[in-house]
Every structure is written in C-alpha cells, then in structure tokens.
There are 2 protein chains.
Amino acid sequence: MDLFVAEGEKNVSELLDSDLIKESVFSTKKTRYKSFKIDIDEMKSISFLKTPSSVLGVFRIPKSSIEINDNEIIIALDSIKDPGNLGTIIRLCDWYGVRQILCSEDSVDCFNPKVVQSSMGSIARVNCLYLNLEEYLKNTSRDVYGACLNGDSIYKTILDSSGVYIFGSESFGISNSINKYIKKPLTIPLFNNNSKIDSLNIASANAIFLSEIFRNKLN
Amino acid sequence: MDLFVAEGEKNVSELLDSDLIKESVFSTKKTRYKSFKIDIDEMKSISFLKTPSSVLGVFRIPKSSIEINDNEIIIALDSIKDPGNLGTIIRLCDWYGVRQILCSEDSVDCFNPKVVQSSMGSIARVNCLYLNLEEYLKNTSRDVYGACLNGDSIYKTILDSSGVYIFGSESFGISNSINKYIKKPLTIPLFNNNSKIDSLNIASANAIFLSEIFRNKLN
C-alpha cells in the first residue's frame, strides 16, 4: 500500500473531504476530525516543512486512471522537475476543469510532499499519469500544441480545448524527442521590447495558456 | 552600501548585462567575465541554495525610484510573504512591460536571495517600491482594481492598462484596510464546478491578470 503525506490545515481538510482514503492524521491541536494528538517536537520530527504546520495527514495514493479520455484537454509535462511548479500546475488544472495531466516518466512524482503542499488539495481531483510521452504522442491523432519560444502567438490562434498542450522542463524546454511531434508551436508574446527575458516560469506559462484556452468557453 | 546576492549562471549573467553595479562574482569554474575562482566547498559555505550553482554574484542594491509614474500600470502587493511568488511576479511584470510594483511595507524584501533567484534577472528592470499602501491608495485618483473572490469576471470587464491592480497575501487575501479602496473587485472565474478550490496561487493569478490586461494591446 503506497502512502503520501499532506501538511497544513487547509490542505489536509480538503483531502479529508475528497474521495481519497485517509490512513491517519496527526495534529498538535484539537481538530474537527479524528486525529492523533502529538506535541510540536514530534511534529517537527515527522514534517517535511522547515516550519511545520499544526496538521499532517497520511493518505493512500489512489490508483492512477490508466484510461486517457480522448475528448478532453490534456496537459503534458516533459521532464518537469520542480515540485512547486507541478503542484501549482495541478491547482491551475483543477481551477480550469482540466482532469488529466500526462507526465514524462522522469518528471517529479506528484505525491512528493512539496507537490501535494502546493497543489492545495487539488491532487485529489486531477489525475497525473506517468508514461512514455514520446510513445503516446507518436500514436495520438489529436492536435498537439507546444509551449515554445518561436511559435505563433497564443493571442492570435484558435486554441482547441480538446488538444494536447505540451510544456517543457524548467531548464531545457521541450526535449528534441518530444518536439518533433508538435504540430502547432505556440508562444506567449513578449510585450517588453527592452527586456532580455527569454522565458517565463513553466507554471506562469501554464496559467496564461489555460486562461487563453478557456476564456471564451464561459456562458 | 547595501548589497544583494544572485546565484546561477543565467541569473548572474543577466544581471552583469544590466545597469546594476557588480561588487564581485565567485565561481567554481572559468567564466567569460571576471570572477574569483573558489572551490565547491567554499561555494557551499557562501551559497543560500541547498544545491549551489557554479556562480554567485554580489551586486549593489540600486536606489529605488521614489517617483511613481502615474500614466503606467501599477501592480500593488499587499503583504506578499513568499519569495518565490514575488520573484515570479517580478519576472511576469518584466515580460508584460510592467515597470513598477508597489509593495506594502510588511512584504518580503525584493532583494532576498530567493526572490532574486526566481526573478531570473528581471529584478534589474522592474522597480519595487516599499511604501504605506493604504496612504498611497487614499490619495490616488486612479482606477483601483483588486483580485478578489467575489468580483466581476476579468473576462467580461474592460481592464484599464493604466490602473492599479492589487493582489493580497497568500494566506489572507487583501486586508480590510486595503480592501476599502478597491473600486472594481475582479475575479478569475472558477471553471470547474465540481471543485472545492477557492483560490489560485498569487503568482498564477497575477499571470492570468497580466495576460488579460495586455492581450488586446498587441498590434
């Protein structure tokens, strides 16, 4: 049985309200749910945080759905390494109703405590599937978009809300083996001509893409 | 003379190419610019990072401009505490050409090494001014927008690109003393009706706001 750890009152409380199965919750103070009372030193010894919060929950890792829903948008992450970035992307996907994220096998584990921390409960509602991304892209018939440096402006392209959108790693962007499957390279245009900035943080780029894909979908 | 530290090849290289004044650069390997060669253990002892990079630069903190340009957009941050978030927002502002950020006096210092790290060189081009935000808002005649939970949809509002846009702290949102000056509360609508998510990360929200403010400004 594989387990993961979530910390923080809000985070744990959201996961307790989800479909996830709780193994145990530890707390330094009274909680509205069943928990083991421990003292601050004990919490420090089990917490992954520099400044532990009052609550730490242990949950079962759910079985990842292996079915990919081919009618829904897919966010694909190629070698994402930073747990804070993955957590933030999971939260953004939850916000915009994206339910499936494909991660290349060398990406950071979505049940890493720091990912769970920054996803703020959204990990219970967004399915992260780890797979050979190249194999998947080779066999899909869907529109494959990529967040690139020299693509078409996202503000001037019709963005299909059932497409596959690929984001590359923090340091190296999209790898060559993945890049060749991109049919529509897309770019967030740089508005500041005086700047030497050449890329945005991957979670920032993901936020802007999701906003642009979904902004016209509201009634 | 006040100094700050920047780490990482790309980061230091960008700052060396900027108007900032370099004090000294330390490196564990040869660099294209003048640097003091040190070994990995010495780098570990001066670095703020868990996994130090090969280059660490020390720069002078520039004099913050105290003039606020009243014709340009302002991003105002109320009690932002997370250095990674502030750095990401500085980078986003640089991307969209926003040159002035007002921070409440209790916000994290923009020359904190972690802020410098995640701003990736943009700290040289974006001016962060620390001030009594309440006093500023009391006296400004500009349109004051706030990122709130129950405002008008950003997708259905004309967003003035010379307005003041306020973002609240990670834990508590916009404080009451600031909230009363907001003339136009705005919200990124939640697209996922099945989700219990109640807010986005402040840097994600900032990314989506900036994209929405500037998307129509391109030729």
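In what order do the six strands of the open sheet in chain B stand? Good morning, and let me begin with that sheet. The order is S7-S6-S5-S9-S8-S10, and the pairing is parallel.

First, some conventions. This is a predicted model, in which local features need pLDDT of at least 70 and side-chain atom pairs count only at pLDDT 80 or more, while totals for chains, interfaces and linings use all residues. Residues are numbered from 1 along each chain as its sequence is written, chains are lettered from A and ligands numbered from 1 in the order in which they are written, and side-chain values use heavy atoms, leaving out hydrogens and water. Helices (H or I, at least four residues) and strands (E, at least two) are DSSP runs, numbered from the N terminus.

Let us return to the sheet. Strands of a sheet pair through backbone hydrogen bonds, either parallel or antiparallel. Two strands are said to pair if DSSP finds at least two bridges between them. At the edges stand S7 (127-131) and S10 (184-187) of chain B; each has a single partner strand, so one side of each lacks a neighbour in the sheet. From one strand to the next, the twist averages 35°.

Now consider S6 of chain B, residues 100-104. S6(B) runs parallel to S5(B), residues 74-77, and three bridges join the two. Within this pairing, B:Ala76 has B:Leu102 as its bridge partner, and B:Leu77 stands opposite B:Cys103.

Are the residues of S6(B) buried or exposed? Five of its five residues are buried, where buried means under 20% relative accessible area, exposed over 50%, and partly exposed in between (1.4 Å probe, protein chains only). In a regular strand the side chains alternate between the two faces of the sheet. In S6(B), B:Gln100, B:Leu102 and B:Ser104 lie on one side, B:Ile101 and B:Cys103 on the other, and both faces are covered.

How does the chain connect these strands? S5(B), helix H3 (residues 83-96) of chain B and S6(B) form a right-handed β-α-β unit. From S6(B), the chain crosses through helix H4 (residues 113-119) of chain B to S7(B), and this crossover is also right-handed. The term means that, with the strands pointing away from the viewer, the path from the first strand over the helix to the second runs clockwise.

B:Pro113 lies in H4 of chain B. Apart from neighbours within four places in sequence, B:Pro113 is in contact with B:Val5 and B:Phe48; contact means heavy atoms within 4.5 Å.

In helix H1 (residues 9-16) of chain B, the residues B:Asn11, B:Val12, B:Ser13, B:Glu14 and B:Leu15 are buried. Their cover includes S1 (3-7), S2 (22-27), S4 (55-60) and H4 of chain B.

Finally, I turn to chain A. Two packed helices are described by the angle between their axes and the distance between the axes. H3 (residues 83-96) and H7 (residues 202-214) of chain A pack at about 10°, with axes 9 Å apart. Axes are lines fitted to C-alpha atoms, for helices over the stretch in contact, and angles run from 0 to 180 degrees between N-to-C directions. H3(A) is therefore roughly parallel to H7(A); angles under 35 degrees count as roughly parallel, over 145 as roughly antiparallel, 65 to 115 as roughly perpendicular and the rest as oblique. Among the residues of H3(A) that meet H7(A) are A:Leu92 and A:Tyr96. Thank you.
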